Amino acid sequence: MGEAQQALPVVVLISGGGSNLQALIDGQARGELPIRIVAVISNRADAGGLERARRHGIATAVLDHRDYAERADYDAALTGLIADYDPGLVVLAGFMRILTPAFVAAHRGRLLNIHPSLLPKYRGLHTHQRALDAGEREHGASVHFVTAELDGGPVVLQARVAVEADDDAERLAARVLTQEHIIYPTVVRWFAQGRLRLDDQDQARLDGVPLSGPRIIDAAG
């Protein structure tokens with residue numbers, strides 16, 4: 001028998017309930033993701049995702065941003081904390097912090113984020129309401145490598161969902177979140193398998209081929 005692929009150590013950063021974290025935990029438990037979540041770190045002690053991690057025996061840590069006067073000081077401390085776990089990948093799963101260029105540079109090529117819009121549309125916050133206000137007919141979520149540009153790194157995979165006539169932001173967000181739980185583990189799996197990387201020109205490559213645009217999962221039909 002051949003040797004099984006070694007699990008990639010992963011640190012997950014959260015600020016809230018951690019449903020995308022749970023999707024990764026479940027994928028790991030089912031053997032679908034060749035990863036080992038070594039720590040979950042939050043900037044908020046009351047983040048629900050911390051309890052999710054503890055229930056699964058995953059180490060947790062809290063680094064409260066309010067204890068730091070400067071964003072750069074917080075990010076430097078966070079970089080040091082992450083380094084203690086020596087991860088091969090850092091996953092942002094609802095981590096509600098704008099990251100400094102120094103932090104991004106320290107984790108270049110091994111930092112992924114999921115954003116609840118079809119990037120480059122609706123960077124930043126309140127994406128679902130903004131999509132509704134603009135009269136969009138489709139909306140969705142994007143998984144991308146993180147660069148110094150806010151929500152601007154190369155997008156790897158998107159899921160599209162139809163905007164229904166009776167949607168409000170909450171209903172639309174719930175359908176998008178269902179798709180997030182599909183596309184984030186997919187991209188993490190590609191990375192852990194060595195299929196996905198960020199090249200020296202900040203371009204995503206899948207199976208060695210540059211991605212001219214994101215792969216699409218279309219749930220809008």
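At what angle do the axes of α1 and α6 cross, and within what distance do they come? In this predicted model, local features need pLDDT of at least 70 and side-chain atom pairs count only at pLDDT 80 or more, while totals for chains, interfaces and linings use all residues. Residues are numbered from 1 along each chain as its sequence is written, and side-chain values use heavy atoms, with hydrogens and water left out.

The axes of α1 and α6 cross at roughly 50° and come within 9 Å; axes here are lines fitted to C-alpha atoms, for helices over the stretch in contact, with angles from 0 to 180 degrees between N-to-C directions. Helices are DSSP runs of H or I with at least four residues, and strands are runs of E with at least two, numbered from the N terminus. The two helices are therefore oblique to each other (under 35 degrees counts as roughly parallel, over 145 as roughly antiparallel, 65 to 115 as roughly perpendicular, and the rest as oblique). On the α1 side, Ser19, Asn20, Ala23 and Leu24 meet Leu177, Glu180, His181, Tyr184, Pro185 and Val188 of α6, where contact means heavy atoms within 4.5 Å.

Helix α6 covers residues 169–192, and its 24 residues should span 34 Å at 1.5 Å a residue, which agrees with the 33 Å between its end C-alpha atoms. That expected span is 1.5 Å times one less than the number of residues. Just after α6, Gly194 adopts a positive phi of about 80°.

Helix α1 (residues 19–29) also has a partner in α2 (residues 48–55): their axes come within 9 Å and cross at roughly 15°. These helices are therefore roughly parallel to each other. Ser19, Leu21, Gln22 and Ile25 of α1 make the contact with Gly49, Arg52, Ala53 and Arg55 of α2.

The loop between β5 (111–115) and α5 (127–133) holds Pro120, whose peptide bond from Leu119 is cis, with omega near 15°. Tyr122 lies in the loop between β5 and α5, and its phi is positive, near 55°. Most residues other than glycine have a negative phi, and most peptide bonds are trans.
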